[in-house]
Amino acid sequence: MHRDSPGDPGGQGPNQNDCGTWVRNINGGVFMSPNYPNTYPPNKECVYILEALPRQRIQLAFDKNYYIEPSFECRFDHIEIRDGPFGFSPLIDRFCGGKNPGLVTSTGRFMWIKFTSDEELEGLGFRIKYTFIADPDFHLHVGGLLNPIPGTILALSRPICFEELLCARELTGGYVRM
Ligand SMILES: [Ca+2]
């Protein structure tokens with residue numbers, strides 16, 4: 001299977017390749033499935049990794065013109081969205097069919113998104129506009145992602161602790177590094 005990643009994060013301007021068009025700007029960007037608004041091709045796998053600045057989140061808005069081949073548990077064609085920079089980051093959801101996912105928001109400053117199509121039955125695909133938004137209660141995103149600003153002492157109003165070690169670090173109120 002072919003894997004294709006549409007360029008380096010932070011690039012500028014339109015980027016046309018066989019994983020669709022991807023336009024980035026300072027506040028977000030737009031990317032879409034291959035050939036959108038025409039039918040996406042079979043046997044395709046595209047990964048899109050979004051990165052916002054520290055203390056920002058990412059919000060995806062799906063265009064209303066959306067359709068991905070429906071299947072039970074989206075086992076065939078689908079778009080998979082993860083809350084972090086990696087393919088093993090926590091799964092937000094996996095989408096397919098004709099029901100528009102609407103808005104999807106990260107808890108940190110990265111999103112890992114993969115579009116997959118199998119060998120038969122294609123659809124229109126998707127177009128996603130993404131926006132960087134201020135993190136309303138910035139704290140350490142424990143468990144999925146740490147995104148401190150080096151040298152900054154973080155105000156921990158509502159710490160969320162999934163791991164003892166990280167909780168202990170939070171309680172010290174000191175520096176945290178990747
Ligand atoms: Ca298919």
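A: Two residues are in contact if their C-beta atoms, placed from the backbone, lie within 7 Å. By that rule Met111 touches Leu50, Ile58, Ile81, Arg82, Asp83 and Ser106, leaving out residues up to four places away in sequence. This is a predicted model, in which local features need pLDDT of at least 70, side-chain atom pairs count only at pLDDT 80 or more, and totals for chains, interfaces and linings use all residues. Residues are numbered from 1 along each chain as its sequence is written.

Q: What pLDDT does the protein average?
A: pLDDT is the predictor's confidence in each residue, from 0 to 100. The average for the protein is 79, and 67% of the residues score at least 70. Over residues 1-16 the pLDDT is below 50, and this stretch has 26 contacts in the model beyond near neighbours in sequence. Residues 147-178 also have pLDDT below 50, with 37 contacts beyond near neighbours in sequence.

Q: Why are strand E5 and strand E10 called a pair?
A: Two strands pair if DSSP finds at least two bridges between them. Seven bridges join E5 (residues 56-62) to E10 (residues 127-134), so the two strands pair, and they run antiparallel. Within this pairing, Leu60 has Tyr130 in E10 as its bridge partner.

Q: Why is Asn35 called partly exposed?
A: A residue is buried if 20 or more other C-beta atoms lie within 10 Å of its own, exposed if 12 or fewer, and partly exposed in between; C-beta atoms are placed from the backbone. Asn35 has 16 C-beta neighbours inside 10 Å, so it counts as partly exposed. Asn35 lies in the loop between E3 and E4 and has a positive phi of about 75°, although it is not a glycine. In that loop between strand E3 (28-32) and strand E4 (44-51) lies Pro37, which a cis peptide bond with omega of about 5° joins to Tyr36.

Q: Which class does Cys74 fall into, and why?
A: Cys74 has 18 C-beta neighbours inside 10 Å, so it is partly exposed. Its place is in the loop between E5 and strand E6 (78-82), and its phi, near 50°, is positive in a residue other than glycine.

Q: Why is Lys129 not called buried?
A: Lys129, in strand E10, has 15 C-beta neighbours inside 10 Å, so it counts as partly exposed. Leaving aside neighbours within four places in sequence, Lys129 is in contact with Gly28, Val30 and Ala61.

Q: What makes a set of residues a nonpolar core?
A: A nonpolar core is a set of buried Ala, Val, Leu, Ile, Met, Phe, Trp, Tyr and Cys residues joined through C-beta atoms within 7 Å. The largest one has 27 residues, of which Ile58, Ile79 and Met111 touch the most other members. Elements giving two or more residues to this core include strand E7 (91-95) and strand E9 (110-117). E9 supplies the largest share, five residues.

Key
Helix = DSSP H or I, 4+ residues; strand = E, 2+ residues; numbered from the N terminus.
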